[in-house]
Amino acid sequence: MRGSIRIPLVCASLFLLLPPVNGQEKAFLPISILDIPTIAGRPVQLDAKGKLLPWPMADNTGYSYSSYFLSQWTIVWDQYNRQRLPYYYCCFDFDRTTFELQPDPHWANSTGYLRAMMEGFIERLYPYTGDTQTLTFLRSFVDYELEHGLTPEAYAWAQVPYASANPGAERYSGWSNLGEDYIEPHVVGEDGYAYLRLYEMTGDTRYLRAAIRCADALVKNWTQGDAEHSPWPVRCYARDGKAPGGPMGPYSANVIEPIMLFDELIRIKQGNVADYERVRAAVWDWFKKYPLANNVWVGYFEDTVPSMENMNQVIPMEFARYVLLHPEKDPDWREHARKLIEWVKTTPKWPKYVVHGATITTEQGNGKEYCCNDPGQCCDSHTSRLAAVEALYYAKTGEVAYRDEAYRSYNWVTYFQGLSSAAHSPFAGQWWFTDEFADGPRRMMDAFWAVPEWAPADESHLLGSSSVVTRIHYGKGSVTYSTFDPGSSDVLRIDFVPQFVTADGRPMTRRKDLNESGFTFDESTHVLWIRHDDARSVDIQGTDGSPSAHMVTFDDPHLPAGTVIRGDYPAGVIEWAKGQWVMHVPEGKFGTFNLALSDPKKHTAGFRFYSPRFFVGLDVYNGGLQDAVVTIRCPEMREVTFTIKPGELRRLRTNWPDRSSKVSFDFQNGEGLIFDNLAYRAD
């Protein structure tokens with residue numbers, strides 16, 4: 001995550017705060033109203049009242065929101081298959097011509113934070129997409145930490161994850177700018193919870209054992225705490241648990257993630273449950289007595305020197321989210337969540353901005369200096385978290401004002417999807433794997449869980465569940481899935497009408513509410529809520545609907561910009577007409593690599609499937625100055641024609657009822673066209 005207070009300061013090698021530049025502090029208002037023409041270098045899109053709409057499709061919330069987290073996943077998956085920069089670096093820049101990623105060799109690798117955030121992202125992304133590659137990546141990513149980033153067995157903090165590493169280091173042991181061989185107890189809780197959820201996703205008991213080790217270390221090293229000492233220090237030496245000052249420190253308000261680990265182990269009855277219950281109760285009492293009462297929200301980030309003045313919004317918002325999802329943990333959940341939302345939006349510790357009606361929060365501050373940057377440049381993850389909590393507050397209370405606030409803030413977040421040459425963190429080009437590719441996307445996915453009507457209307461997706469989802473399959477007019485827990489509340493938006501819903505083979509009853517096991521279905525929005533109390537496998541069958549399609553994103557596999565597509569791509573699926581198509585950089589309304597015509601003046605191009613397949617369609621953006629006309633043909637089907645206006649991004653669908661082998665395109669005024677997300681089906 002971001003380092004210490006970054007604006008308007010220069011940072012020393014130890015990341016201590018230095019005197020302000022030129023001996024002056026840059027004053028800021030707690031809340032500023034801004035009218036800016038671009039966000040992350042992308043022109044703002046506004047409604048008739050001047051309020052911010054999402055990017056890239058202003059009139060399609062589902063497309064724009066899902067495009068944000070799917071674009072980030074596309075880049076993560078490409079990294080897994082190529083450089084694997086997230087294993088060794090916190091962040092990167094990229095060449096503004098080729099858009100190839102270049103690692104940042106200077107900053108702390110946020111190892112533990114990134115794993116935990118990435119698990120939260122994939123835990124939601126897998127059931128949304130049904131893509132098992134998400135699990136392949138996550139298991140590899142976590143396995144690397146278990147093999148290269150745990151403390152020695154003989155330590156006071158034994159066999160728990162280090163929070164950070166030196167940039168480029170293959171072995172994790174902390175960032176040497178802050179010391180050597182240290183851990184951060186709250187990250188032990190955060191990572192431990194991620195291990196536990198990964199166990200629930202996969203059934204692999206290695207992750208359960210890793211989670212229990214984290215919980216046992218937290219129990220072993222717990223102390224009572226007071227106003228100046230939290231139950232665990234913010235940072236301490238792993239060998240003996242000491243926090244003598246300087247980069248080590250005695251206080252962190254972030255005890256909620258250790259509590260989450262304890263709660264989940266207690267719930268599934270794993271590990272030393274009696275010890276977890278005892279320590280959890282004491283830590284909860286401390287949390288209510290101090291941070292929750294005095295709003296001293298300090299002690300989160302891995303690259304800062306401890307301070308009792310430098311507040312952040314992560315800890316209070318993550319607590320609010322937890323009790324909104326688990327109100328049984330806190331009888332005062334409503335009051336606490338509401339007050340913390342308002343505190344984050346009004347505190348004078350760092351600036352907030354209202355950009356075309358969207359509330360934007362930065363990360364941290366002490367009232368004089370803050371992190372991170374202007375609201376047209378970064379930082380999407382923190383506003384995504386605020387929006388998530390407001391959306392979940394609406395879902396829990398029905399207070400519409402919170403939904404509307406969340407909508408505008410989420411709209412701002414969408415402008416940061418993919419790679420934009422004009423968006424960056426405070427120090428030149430520094431794109432964080434934590435913020436942009438894990439934390440932001442996981443909290444964007446909360447949008448669909450809280451407000452399922454925002455999800456794409458013409459697709460079927462599982463949007464949220466109170467349980468981990470272990471298996472899912474999407475078909476034409478069907479969704480089947482399994483949950484870790486036999487009792488769960490699940491929400492989907494589907495593109496068909498359900499005729500039968502069963503749980504472990506037993507028919508479920510359609511109801512007006514879910515005070516007992518059954519399901520509700522809204523005919524107008526196609527939102528389906530399911531409550532199953534004693535079954536793990538759910539089968540939804542219905543009429544109509546579209547079969548799920550495979551998507552060619554032109555990032556998998558990655559080819560350098562300017563590469564002329566020859567032969568098959570992807571292998572064994574499509575053969576591209578020789579010399580007609582070229583790989584194109586992120587541009588216009590595409591945030592990732594896409595396809596362009598090798599000669600934009602040509603009026604025809606095409607490709608063929610190696611074996612006949614259903615050509616579903618593709619996305620087209622018109623960067624030209626005139627209406628462009630695209631006609632799609634194949635020998636077996638009727639042609640379809642579309643007009644794309646200048647500046648328009650449009651999803652083209654052929655609706656062809658049968659397979660085709662050869663697909664051709666005719667273009668009028670096609671000089672500014674680029675293409676992405678080619679969809680096809682084999683069945």
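Predicted model: local features only at pLDDT ≥ 70, side-chain atom pairs only at ≥ 80, totals over all residues.
Local features need pLDDT of at least 70 and side-chain atom pairs count only at pLDDT 80 or more, while totals for chains, interfaces and linings use all residues. Residues are numbered from 1 along each chain as its sequence is written, and side-chain values use heavy atoms, with hydrogens and water left out.

Start with the open sheet. Five strands build it, in the order S15-S16-S22-S18-S19, with antiparallel pairing. Strands are DSSP runs of E, at least two residues, and helices are runs of H or I, at least four residues; both are numbered from the N terminus. Two strands pair if DSSP finds at least two bridges between them. The edges are S15 (469-475) and S19 (506-507), each pairing on one side only. S15 runs antiparallel to S16 (residues 478-483), and six bridges join them. Glycine 475 has serine 478 in S16 as its bridge partner.

Now move to strand S28, residues 604-622. S28 is mostly covered, with 14 of its 19 residues buried. Buried means under 20% relative accessible area, exposed over 50%, partly exposed in between (1.4 Å probe, protein chains only). S28 pairs antiparallel with S25 (residues 574-576) over three bridges. There, isoleucine 574 faces phenylalanine 609 of S28. Six bridges tie S28 to antiparallel S32 (residues 660-668), where arginine 613 stands opposite serine 660. Seven bridges join S28 and S33 (residues 673-681), again antiparallel. Tyrosine 621 sits opposite isoleucine 674 in S33. S31 (residues 649-653) pairs with S28 through five bridges, also antiparallel; valine 620 stands opposite arginine 650.

Side-chain charges come next. The whole structure holds 39 salt bridges. Each is a side-chain nitrogen of Lys or Arg within 4 Å of a carboxyl oxygen of Asp or Glu. One of them joins glutamate 200 and arginine 197 at 3.5 Å, N to O. Both residues lie in helix H4 (residues 185-202), three residues apart, about one turn of the helix. Glutamate 200 counts as buried because its relative accessibility is 2%. Arginine 197 is buried too, at 8%.

Glutamate 318 takes part in two further bridges. Arginine 385 meets glutamate 318 at 2.9 Å, N to O. This pair links distant parts of the chain, helix H11 (residues 380-397) and helix H9 (residues 314-325), 67 residues apart. Arginine 385 is buried at 0% relative accessibility, and glutamate 318 at 7%. Arginine 443 also bridges to glutamate 318, at 3.0 Å, N to O.
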